[in-house]
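Student: Can we go through how the labels for this structure are decided? I'd like to see the cut-offs behind them.

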Amino acid sequence: MNIQTIQSLLDGILMGGVYALAALGLSLIFGVLKITNFAHGAMMTIGMYVVYALSSSLGINPYAALPFAMILMFIIGFFIQRFPIHQIEHAPAHNQLLLTLGIAYIMENILLVIFTPNYRTLSVNGFEKAMRVGRLTFAPAKLIAFGVVIVVTGCVYVLFYRTHIGSSIRASAQNDIGAKLMGINVRNIRAVAFGVGAVCTGIAGGLLTPIMSIYPTLGESFQLKCFVIAVLGGMGNLWGALVSGLLIGVVESLASYYLGGSWSEMLIYGIFILILFVRPTGLFGRGNRREN
């Protein structure tokens, strides 16, 4: 294996981690609420702009700005589920699709009004230069992003499987009537779950802000990729989303190196279709069963 292949492999793993975190939010929302959230990409973009605005206007380090993005995204996610989405939870799937798509367009146009369509870039003092380890090169921002992804994924796992709130969320996902009989406020707990999914998405967006140029409709380019990762990992499966995100990141990076950028997307979706033919519930899906 030549050095360029190893470099592409490592770049794919680092970038795949951020993809995985974004897809984790989508997977959680679907796994708990059975809502296909087409506003996911727009929420990711909001996370980017929160970090950008705080860093460029107030001089806050982008990584120190992440908690502010988390708080805002939780509030946005909570109220989106608590009010508009709650009203159509039991409506046909196309109603859910149209509602979340409408929310996405509203968010994007708000960003267009505030920030204009111009591309924005953000650099982090002290992290402009790439790190070299032997013949390999690492972007410090990508290394930090990958470390944050692992920590956040672990925290989400602890929240869902080691806390009372997590138990309530899983109970309402499995049987909302039974959860109500146990004294759980299902309406609020579903809004909390949506808020947690939005937080994951916002963190992923914030981590990408020092890595790439941002613009108000950038989230659309991540929307479909997040769906691919979430479905491959098995909707609602935390670690499945992480592994699938790393896989997609590696495939994208290696395909770009060997075949060119125009082929990487085609290969990703080709693999996606092939896997669904073989295993419709995804690589880590459990059919109709849910995790306990």
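Predicted model: local features only at pLDDT ≥ 70, side-chain atom pairs only at ≥ 80, totals over all residues.

Student: Why is Lys225 called buried?

Tutor: Buried means under 20% relative accessible area, exposed means over 50%, and partly exposed is in between (1.4 Å probe, protein chains only). Lys225 has 5%, so it is buried.

Student: And what makes Glu265 partly exposed?

Tutor: Its relative accessible area is 30%, so Glu265 gets the in-between label.

Student: How do you know that Glu252 forms a salt bridge with Lys225?

Tutor: A salt bridge needs a side-chain nitrogen of Lys or Arg within 4 Å of a carboxyl oxygen of Asp or Glu. For Glu252 and Lys225 the closest N and O atoms are 2.5 Å apart, so the pair qualifies.

Student: What about Glu265 with Lys225?

Tutor: There the closest N and O atoms are 3.3 Å apart, so that's a salt bridge too. This pair links distant parts of the chain, with Glu265 in helix 11 and Lys225 in helix 9, 40 residues apart. Helices are DSSP runs (H or I, at least four residues), numbered from the N terminus. Shared partners join Lys225, Glu252 and Glu265 into one network.

How values were computed: Residues numbered from 1 in each chain as written. Heavy atoms only, no water. Helix = DSSP H or I, 4+ residues; strand = E, 2+ residues; numbered from the N terminus.
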